[in-house]
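I opened my notebook for a structure that was new to me. Here is what I looked up, entry by entry.

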Amino acid sequence: MKVDVLLGLQWGDEGKGKIVDYLAEKYDVVARFQGGPNAGHTLILNNGQKFVLHTIPSGIFLPHTRNLVGAGVVIDPVTFGMEIARLRETGVDPAGRLFISRKAHLILPTHKMLDAASEASKGHDKIGSTLKGIGPAYMDKTGRNGLRVGDLELSDFRERYEKLKAKHLELLALYGDKPTEIAGEKEWLAAVEELLKLDIVDGEYFIHDALTSGQKVLAEGAQGSMLDVDHGTYPFVTSSNTITAGVCTGLGIAPHMVGEVIGISKVYCTRVGSGPFPTELFDEEGDELRRIGNEFGATTGRPRRCGWIDLPALKYTIMLNGVTQLALTKVDVLNTFASVKACVAYKHKGQTTDRVPFDLVGADIEPVYQAFPGWQCELDGEGGRSGLPQTLQDYLQFLETAVGVPVTMLSAGPERDKLMEF
Ligand code: GDP
Ligand code: IMO
Ligand code: MG
């Protein structure tokens with residue numbers, strides 16, 4: 001058995017939660033491999049209830065699915081505890097369904113303070129971080145100072161915590177911050193005790209055993225490929241590898257164990273936080289996309305920046321990830337548009353190119369658009385692909401030819417059943 005991957009091809013919020021929740025039926029294990037509470041994955045359950053998951057994989061609502069928070073994830077025990085409490089309120093008991101890798105790193109309260117101090121010091125150049133402590137936690141991981149879930153089981157955990165906290169306080173002082181108390185520390189220390197009561201496992205063996213016993217595993221990405229720390233719009237990125245390569249490091253599997261790679265893209269494009277966005281719209285069409293698409297962040301509530309689909313960027317992320325299938329979401333948001341646009345190339349330094357330049361930051365990029373007639377009707381999903389309006393069928397065909405992978409899923413509403421598979 002191989003690990004199938006589902007991840008975002010844009011700047012996050014492509015609708016990963018919804019699609020994983022739908023697909024989880026076909027899988028025995030769903031695993032998060034990177035990111036942390038910066039993610040907000042929205043699920044609409046069959047009873048219409050909306051649920052936003054931050055660190056817990058989106059297979060958690062299916063009784064037969066085991067969910068793993070992999071080694072590449074960073075966990076804030078407080079947020080995690082709150083998520084579990086909300087799950088219990090809806091009648092979901094994590095016992096036997098939720099597993100946490102010993103190697104996942106912990107986000108400390110002081111990581112969040114460092115995140116805020118770093119952002120404040122950047123002024124206009126701030127990343128627009130979710131301020132969940134993601135960057136500082138990954139910095140401690142790669143700087144070999146971090147604390148891991150498995151460390152909670154050690155007798156000297158408290159000493160290790162105090163040592164790292166002292167280091168953080170020194171760093172905060174460099175930013176001119178001398179806190180007299182650590183906000184949320186008491187809650188954090190209580191939350192780690194609760195975390196310890198959950199199923200803590202050796203994640204890489206957990207996945208290996210699942211695969212060798214013939215179980216199907218789906219890796220659920222967080223953020224999007226354009227936010228990848230190595231290949232995204234650096235420095236306006238997150239601090240982890242959001243692309244398929246991150247599945248190998250984040251779960252501890254070999255590259256040849258990767259199976260299908262399902263890439264998700266909205267039919268238009270959004271970005272939350274700062275950084276380059278070549279197709280961003282500042283006009284009424286952008287406002288329409290935000291209003292109809294309800295484009296407000298699931299984690300921070302911030303309005304998302306909106307624009308047309310960016311095919312050079314999409315081709316780039318399809319290439320980085322080895323995408324084998326494309327899932328297009330939020331198609332219904334364009335139902336009322338008389339005309340739909342796609343950016344097919346960039347004009348950059350006097351040349352027309354369909355490649356993403358080294359540095360999009362500050363680059364003078366003019367998108368080249370191609371317009372298509374809109375379908376201007378509701379999509380009921382009846383009759384499969386050939387039951388779709390001809391204009392939409394033609395548009396899908398155009399997209400498939402442009403990016404070189406088949407569209408196998410079309411999402412036309414936030415609910416579970418508003419999904420067509422071809
Ligand atoms: P994720 O981070 O990729 O899981 O995406 P988010 O949950 O942050 O944002 C996606 C938003 O779009 C959520 O509010 C979803 O409920 C909603 N959504 C997902 N698919 C569709 C769709 O096909 N149509 C519409 N209108 N909304 C959708
Ligand atoms: P999901 O999984 C959209 C963005 C932030 C900011 C940058 C760095 O829901 O798609 P960080 O908190 O990681 O230091 O922020 O990345 N960002 C996201 N944008 N969706 C997400 O997750 C995001 N996670 C981080 O807005 O610009
Ligand atoms: Mg989101």
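For my first entry I needed a term: a polar contact is a pair of N or O atoms within 3.5 Å, and within protein one must be able to donate a hydrogen and the other to accept it, while residues adjacent in sequence count only if both atoms are side-chain atoms. I also noted that this is a predicted model, where local features need pLDDT of at least 70, side-chain atom pairs count only at pLDDT 80 or more, and totals for chains, interfaces and linings use all residues. Residues are numbered from 1 along each chain as its sequence is written, ligands are numbered from 1 in the order in which they are written, and side-chain values use heavy atoms, leaving out hydrogens and water.

**Contacts of ligand 1.** I found an oxygen atom of ligand 1 at 2.7 Å from a polar backbone atom of K16. An oxygen atom of the ligand also lies 2.8 Å from a polar backbone atom of G40. On the side-chain side, an N or O atom of D332 is 2.7 Å from a nitrogen atom of ligand 1.

**Its shell.** I counted 18 residues around ligand 1, each with a heavy atom within 4 Å of it. G15, K16, T42, D332 and S411 are the closest. Helix α1 (helices are DSSP runs of H or I, at least four residues) gives the largest share, 3 residues.

**Aromatic rings.** Which kind of pair do F157 and W188 make? Their ring centres are 6.4 Å apart and their planes at 20°, so I wrote down "stacked", as rings pair with centres within 6.5 Å and stack with planes under 30 degrees apart. F157 is in helix α5 and W188 in helix α6, 31 residues apart.

Key
Helix = DSSP H or I, 4+ residues; strand = E, 2+ residues; numbered from the N terminus. Phe/Tyr/Trp six-rings, centres within 6.5 Å; stacked < 30°, edge-to-face > 60°.
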